[in-house]
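Please look through this model with me, point by point. Keep the sequence and the 3D view open as you read.

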Amino acid sequence: MKRFYAAPIVLLVGACLLFLTGWAFTFRGSLALTACGLLETLLAARFLWQAGCRGDDKGFSGSAALQEAGYAVTAAGLGCLLLQYPNAALPFVCFSAAALFLAQLVFALSGVVIATSRTGYRLALFCVAGVPMTLGFAGLWQLCQGTLSLPMAEAAAWVKPLLAVVFALLGLTWGLRLGACGMYYRSVSAGAARGESRFRLAEALAPVLNFVLGLFPILLVAQAEQVLLSARLPFPVGDYMGLIWGGTGRYAIYSPLILALLFFVLLAVLDAVSGRRGAAS
Amino acid sequence: MKFLMINIGVGLVQALALTLAAPLLLGIVFRLARIGRSGPADGLLFLYGRLGAARFHDLSLGPTAEFVCVFLAASMLPGFLGAKITFGDFTLLTALLGMAALTAALYGEGDGGSGVPQKQGLFEAGLFCAALFLSIACRGFHAMSTMLPDAAFQFRGTYLTGDTELAVLGFFSLLAAEGEGALRYFTGTRADAMTFWGALARLLRTVVLLMLCAELFFPVPLPSGPRALVTAVLLAVALAVLGHFRLYARRILLTAAPVLLFLSILAQ
C-alpha cells in the first residue's frame with residue numbers, strides 16, 4: 001500500500017471507531033463523522049485524479065473505493081446528525097444514501113475487474129463515475145436530499161456553513177471523479193494501443209457484469225418497499241421509489257429512468273453504427 | 001402516464017427549439033462581444049455557417065453522445081415550455097451536463113477542436129460541477145425545503161439583497177466561463193477541425209446555462225424569453241470586457257463561480 005493512502009485509510013478507521021464506540025450517535029460525534037467522510041472524499045478524489053492521469057490500475061481502483069467509502073461515511077454522519085432531531089423520516093434518506101454507496105463500493109467497484117480488464121472497460125467506467133441510473137448517482141441524489149433536509153431540522157447558524165461545505169465538496173469531488181475516469185481511459189487506452197492486446201472472454205464479460213451490477217436495482221427496491229410498507233414498521237419508510245425516481249417535488253416532470261434508458265439505447269445504437277463503419281472502412 | 005408522456009413531448013420540443021435557436025442567439029452574443037475589437041466581425045448567422053462547414057458525415061460516437069446528454073438536459077429546463085423543475089430534476093440536469101464531458105472523453109475526441117487540452121477540460125469539470133451543486137444548494141436554501149416547485153419565484157422575491165446578488169454573480173461567472181470557452185471554440189485556430197455534433201453540443205450547453213441563469217438566478221420580474229435575452233446581452237458585455245482586457249478569464253471565472261456561490265450561502 002502506498003504511503004499517501006494512509007490519510008484516507010486512517011480517516012476511515014477513525015470513522016469505524018466512532019461507530020463502534022457509539023460516539024457517532026452523539027451530536028459532536030456525528031459532526032466529526034461527517035467531517036471525516038468529507039475529508040476522506042476530498043483526499044481520495046485527489047488521488048483518483050492522479051491515478052487516472054498516470055493510468056495506474058490499482059491506484060485508480062483503490063482511490064475510487066476510498067472515495068465511495070468517504071461518501072458513505074459522510075451520509076452516515078449526516079444521518080446520525082439528523083437522528084438528534086424529532087423528524088424521523090430525514091435520517092432515513094441519509095442512511096439509505098450510505099447503503100447505496102456501500103452497494104456501489106461492493107458491486108460496481110470490484111477493483112480487480114477494472115485492474116485486469118483491458119477491453120471494453122468504458123462501460124465499467126460509467127458505473128464507477130456514477131452517471132444517472134447507476135447506484136452511485138442514486139446515492140449522490142439521496143445524499144444531496146439529506147443535506148438539504150438539514151435546515152428543516154435545525155435552524156441554527158452553523159447549518160449554513162455545513163450545508164455550503166458539503167455541497168461544494170460533493171460537486172468538486174464528483175466532478176473530479178468524472179474527469180479522473182476520462183483521464184484514466186485515455187491513459188490506459190493509449191498504453192493498450194502501444195502494447196499487444198489479446199482478446200479474452202473474461203475481460204470482455206467483466207465490465208458488462210460490472211455495469212449490470214452497478215445499475216440501480218429498481219425492481220428489487222420496488223419489491224422491498226412493498227414488503228416494508230406491508231410490515232407496518234415502527235419507523236417511517238416513506239415513498240422511497242417516488243423519492244428516488246420522481247425527485248422530491250410534486251411537479252416531477254421526468255422520470256430519470258426514462259431519460260437514462262433513452263440515453264443508453266441511443267449510445268448502444270451509435271456504438272453499433274460506428275463499429276460497423278469502422279469495420280467497413 | 002399520459003401526463004408524463006405529454007410533459008416529455010413538450011420538453012423535447014423545447015430542447016429542439018433551443019437547438020435550432022442556439023446558433024442565432026449565440027451569434028448575436030458573439031457579434032456584440034466583438035464590438036470594439038480589431039479585425040473583421042462575423043455576421044449574426046455565422047454560427048450556422050460554421051456548423052454547416054463542420055464534419056457532419058463523420059458520425060463519431062463521442063461528440064454525438066455528448067450532444068444527446070446536453071439535449072436531454074435542455075429538455076428539462078425550467079420555464080419556457082417546460083414545467084418548473086424540482087430539486088431532484090435539477091440534480092439530474094447537473095449530472096447530465098457533467099456526463100456530457102465524460103462521454104466525450106470516453107467515446108471520442110470531444111473538445112478536441114476547442115484549443116483547450118483534454119486534461120485541462122476534464123480538470124475544470126470539477127469546478128464546473130462544484131458551482132452547479134452549490135447553485136442547487138442556493139436554490140434549496142432559499143426555499144428551506146426539498147420541495148422546490150416555487151423556489152425560482154421566491155428567489156426573484158429576494159433580489160437586491162447581498163446573498164442574492166452574490167448567487168447571481170456566481171452563476172453568471174459560470175455562464176461567462178462557458179461563453180468564453182464557446183467563443184474560443186468557434187473563433188479559434190482549430191475551429192476547422194470540429195465535428196458537427198460536438199459543435200452543436202457546445203452551443204447548446206452554453207444556451208442551457210444561459211436559460212438556467214435567466215430562469216433561476218436573474219431576478220427581474222419579466223417572462224422567460226425577455227429575461228433570457230437580457231441575460232444574453234449581459235453575457236455579450238461581459239465577453240466584450242474580458243476580450244478587451246485580454247484576460248485569460250476562463251479558469252479565473254470557473255474558480256470565482258463556486259467561491260461566490262459559497263459566499264452567498266454563508267451570507268444568508
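1. Chain A holds twelve helices and zero strands. From the N terminus on, its elements read α-α-α-α-α-α-α-α-α-α-α-α. Please keep in mind that this is a predicted model.

2. How much of chain A is buried? Of its 281 residues, 49% are buried. Residues 24 or more positions apart account for 75% of them.

3. Take one residue of chain A as an example. Ala124(A) sits in helix α6, residues 122–129. Is Ala124(A) buried or exposed? Ala124(A) has 24 other C-beta atoms within 10 Å, so it counts as buried. The cut-off for buried is 20 or more. Now find Phe211(A). Ala124(A) and Phe211(A) are 87 residues apart in sequence, yet their C-alpha atoms are 5.3 Å apart in space.

4. Turn to chain B. Chain B has ten helices and zero strands. Along the sequence the pattern is α-α-α-α-α-α-α-α-α-α. Chain B has 268 residues, and 59% of them count as buried. Among its contacts with a separation of 6 or more, 80% come from residues 24 or more positions apart.

5. Helix α8 of chain B, residues 196–216, deserves a careful look. α8(B) has 21 residues. From its first C-alpha to its last, α8(B) reaches 30 Å, close to the 30 Å expected at 1.5 Å a residue. How many residues of α8(B) are buried? The count is 21 of the 21, so α8(B) is largely enclosed by the rest of the structure.

6. Start with helix α7 of chain B, residues 162–187. The axes of α7(B) and α8(B) are 10 Å apart, and the packing angle is about 160°. Angles over 145 degrees count as roughly antiparallel. α7(B) and α8(B) are therefore roughly antiparallel to each other. Their crossing is left-handed. On the α7(B) side, the contact residues are Phe171(B), Phe172(B), Leu174(B), Leu175(B), Glu178(B), Gly179(B), Ala182(B) and Tyr185(B). On the α8(B) side they are Arg202(B), Leu203(B), Arg205(B), Thr206(B), Leu209(B), Leu210(B) and Cys213(B). By class, this contact of α7(B) with α8(B) has ten nonpolar, two polar and three charged residues.

7. Pick out Tyr185(B) from that contact. Tyr185(B) belongs to helix α7 of chain B. With 22 C-beta neighbours inside 10 Å, Tyr185(B) counts as buried. How far apart are Tyr185(B) and Leu203(B)? In sequence they are 18 residues apart, and in space 9.7 Å, C-alpha to C-alpha.

8. Next comes helix α3 of chain B, residues 61–75. The axes of α3(B) and α8(B) come within 8 Å and cross at roughly 25°. That makes α3(B) roughly parallel to α8(B). The crossing of α3(B) and α8(B) is left-handed. From α3(B), the residues in contact are Pro63(B), Thr64(B), Glu66(B), Phe67(B), Val70(B), Phe71(B), Ala73(B) and Ala74(B). In α8(B) they meet Trp197(B), Gly198(B), Leu200(B), Ala201(B), Leu204(B), Arg205(B) and Val208(B). This contact of α3(B) with α8(B) divides into eleven nonpolar, two polar and two charged residues.

9. The crossing of α2(B) and α8(B) is right-handed. Here Leu47(B), Arg50(B) and Leu51(B) of α2(B) meet Phe196(B), Ala199(B), Leu200(B) and Leu203(B) of α8(B). The contact of α2(B) with α8(B) has six nonpolar residues, no polar ones and one charged.

10. Finish with helix α10 of chain B, residues 249–267. α10(B) has 19 residues. It reaches 26 Å from its first C-alpha to its last, close to the 27 Å expected at 1.5 Å a residue. Which residues of α10(B) are buried? Among them are Ala249(B), Arg250(B), Leu253(B), Leu254(B), Pro258(B), Phe262(B) and Ile265(B).

Methods
Residues are numbered from 1 along each chain as its sequence is written. Chains are lettered from A and ligands numbered from 1 in the order in which they are written. This is a predicted model: local features need pLDDT of at least 70, side-chain atom pairs count only at pLDDT 80 or more; totals for chains, interfaces and linings use all residues. Helices (H or I, at least four residues) and strands (E, at least two) are DSSP runs, numbered from the N terminus. A residue is buried if 20 or more other C-beta atoms lie within 10 Å of its own, exposed if 12 or fewer, and partly exposed in between; C-beta atoms are placed from the backbone. Two residues are in contact if their C-beta atoms, placed from the backbone, lie within 7 Å. Axes are lines fitted to C-alpha atoms, for helices over the stretch in contact, and angles run from 0 to 180 degrees between N-to-C directions. Angles under 35 degrees count as roughly parallel, over 145 as roughly antiparallel, 65 to 115 as roughly perpendicular and the rest as oblique. A crossing is left-handed if the near helix is turned anticlockwise from the far one by less than a right angle, and right-handed if clockwise. Ala, Val, Leu, Ile, Met, Phe, Trp, Tyr, Cys and Pro count as nonpolar, Asp, Glu, Lys and Arg as charged, and the others, Gly among them, as polar. The expected span of a helix is 1.5 Å times one less than its number of residues.
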